Amino acid sequence: MDMIIYNNSIFERDSINIDLEDRGYQFGDGVYEVIRVYNGKLFTAEEHLKRFIKSANEIKINVPYQVGEMQEKINELIHTTSLSTGIVYLQLTRGVSKRNHAFPSPPCEPVYIAYTKELALPIVPMKSGVTTITVEDIRWLRCDIKSLNLLPNILAKQEAVDSNSFEAIQHRGTIVTEGSSSNVWMIKNQVLYTHPANHYILNGITRQVLLSICKKTGFVVEEKPFTIEDMVKADEVFLTGTTTEVMPVIQINKQRIGNGDPGTLTRQLQQLFTSEIEKQCGNLSKSFD
Ligand code: PMP
């Protein structure tokens, strides 16, 4: 039996109906989050839930639950669904009302759902690295909001899939912004570069975890925009994301990065990131050697 969260209570999935005039369904008028689960434990849950609330507030939706009560219910769902390795998907829409672009007045009740999904660790690509393509970033100018409107991201990812690549790296003009569902990093002369957290990118939680790891361990990072040319000539390139973790990029538009193998520093960062997961969620028994 599939169990899900609906408006912060647990129900059987089949007992819940989503209205055809839910504004999430009609307008993409809502926000979402994906939180990783390792060994049945949430990783960086508070950070994701805070971003969920921030995204909702940015589009003027008030989340009717506190971080603590959402986290408690999600943990209950993880337990109920016996999830060990996977993700929790959360979504909040402005709610149900007669179709009209403007906000309903008086406001409607937001609709909140969450469900779990099993997901294997992406060990093989994490060891061997992935190939990527570049695409023009055609998104709106509030990419810092984790909105349900993902059409440009979907089109970019499909372009990657059609060219047998893992990810589409987006750029505005010559400047690299981020992947269709990941943040992008490059390393040149032992210095890490990633796009600053502004309205052009989503400030990834994985990105933030890695930045704090770098600070603690002495890796030098510059949150500074870089060009496609800089990236293709970099010593190492990698992606970060909740499901992507720390993923080496070995090829961009059929051009090899470095010697075409995952870079040494990227490998070290993978190990450090794994240690961080293990601190919160227990032993993962995975190795990148
Ligand atoms: N950028 C975009 C556009 C994304 O969809 C994601 C994945 N949520 C990320 C970056 C990485 O963010 P996080 O590390 O929080 O998963």
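1. Helices are DSSP runs of H or I with at least four residues, strands are DSSP runs of E with at least two, and both are numbered from the N terminus. These names are used throughout this note. The model is predicted: local features need pLDDT of at least 70, side-chain atom pairs count only at pLDDT 80 or more, and totals for chains, interfaces and linings use all residues. Residues are numbered from 1 along each chain as its sequence is written, and side-chain values use heavy atoms, with hydrogens and water left out.

2. Overall division. Two domains make up the protein: domain 1 covers 3-118 and domain 2 covers 123-281, the bounds coming from an automatic or database domain assignment. Their C-alpha centres are 26 Å apart. Where the domains are in contact (heavy atoms within 4.5 Å), domain 1 contributes 26 residues and domain 2 contributes 20 residues.

3. Extent of the interface. The size of an interface is often given as the accessible area lost when the parts come together. Here the buried area is the accessible area (1.4 Å probe) that two parts lose on being put together, summed over both. For domain 1 and domain 2 the value is about 2,000 Å², with 61% of it on carbon and sulfur atoms. Of the area that domain 1 buries against domain 2, 33% is supplied by Tyr32, Phe43 and Arg51, more than by any other three residues.

4. Polar links across the interface. Two salt bridges are found between domain 1 and domain 2, a salt bridge being a side-chain nitrogen of Lys or Arg within 4 Å of a carboxyl oxygen of Asp or Glu. Eleven residue pairs across this interface, both at pLDDT 80 or more, are in polar contact. A polar contact is a pair of N or O atoms within 3.5 Å; within protein, one must be able to donate a hydrogen and the other to accept it, and residues adjacent in sequence count only if both atoms are side-chain atoms.

5. Make-up of the domain 1 side. The elements that give two or more residues to the side of domain 1 touching domain 2 are α1 (23-27), β3 (30-38), β4 (41-42), α2 (45-58) and β5 (86-93). Strand β3 provides the largest share of this side, eight residues. By class, this side of domain 1 has eleven nonpolar, nine polar and six charged residues. In this count Ala, Val, Leu, Ile, Met, Phe, Trp, Tyr, Cys and Pro are nonpolar, Asp, Glu, Lys and Arg are charged, and the others, Gly among them, are polar.

6. Salt bridges in the whole structure. Side chains of opposite charge can pair when their charged atoms come close. A search of the whole structure finds 19 salt bridges. One of them joins Glu33 and Arg51, with the closest N and O atoms 2.7 Å apart. This pair links distant parts of the chain, as Glu33 is in strand β3 and Arg51 in helix α2, 18 residues apart. For accessibility, buried means under 20% relative accessible area, exposed over 50%, and partly exposed in between (1.4 Å probe, protein chains only). Glu33 is buried at 0%, and Arg51 is buried at 12%.

7. Further charged pairs. Arg142 and Glu58 form a salt bridge through their side chains (3.1 Å, N to O). Arg142 is in the loop between β7 (130-136) and α5 (151-162), and Glu58 is in helix α2, 84 residues apart. Arg142 is partly exposed at 27% relative accessibility, and Glu58 is partly exposed at 35%. A salt bridge also joins Lys233 and Glu229, whose closest N and O atoms are 2.7 Å apart; Lys233 and Glu229 are exposed. Asp137, Arg139, Arg172 and Glu178 are linked in a salt-bridge network.

8. Asp29. This residue is in the loop between α1 and β3 and is buried at 10% relative accessibility. The Asp29 side chain is in polar contact with the side chain of Arg94 (2.7 Å). Leaving aside residues up to four places away in sequence, Asp29 touches Arg23, Gly24, Ile59, Ile61, Thr93 and Arg94.

9. Backbone points to inspect. Most residues other than glycine have a negative phi, and most peptide bonds are trans. Ser105 and Pro106 are joined by a cis peptide bond, with omega about 0°; Pro106 is in the loop between β5 and β6 (111-118). Thr44, not a glycine, has a positive phi of about 50°; Thr44 is in the loop between β4 and α2 and is buried at 3% relative accessibility. Lys60, also not a glycine, has a positive phi of about 65°. Lys60 is in the loop between α2 and α3 (67-80) and is exposed at 65% relative accessibility.
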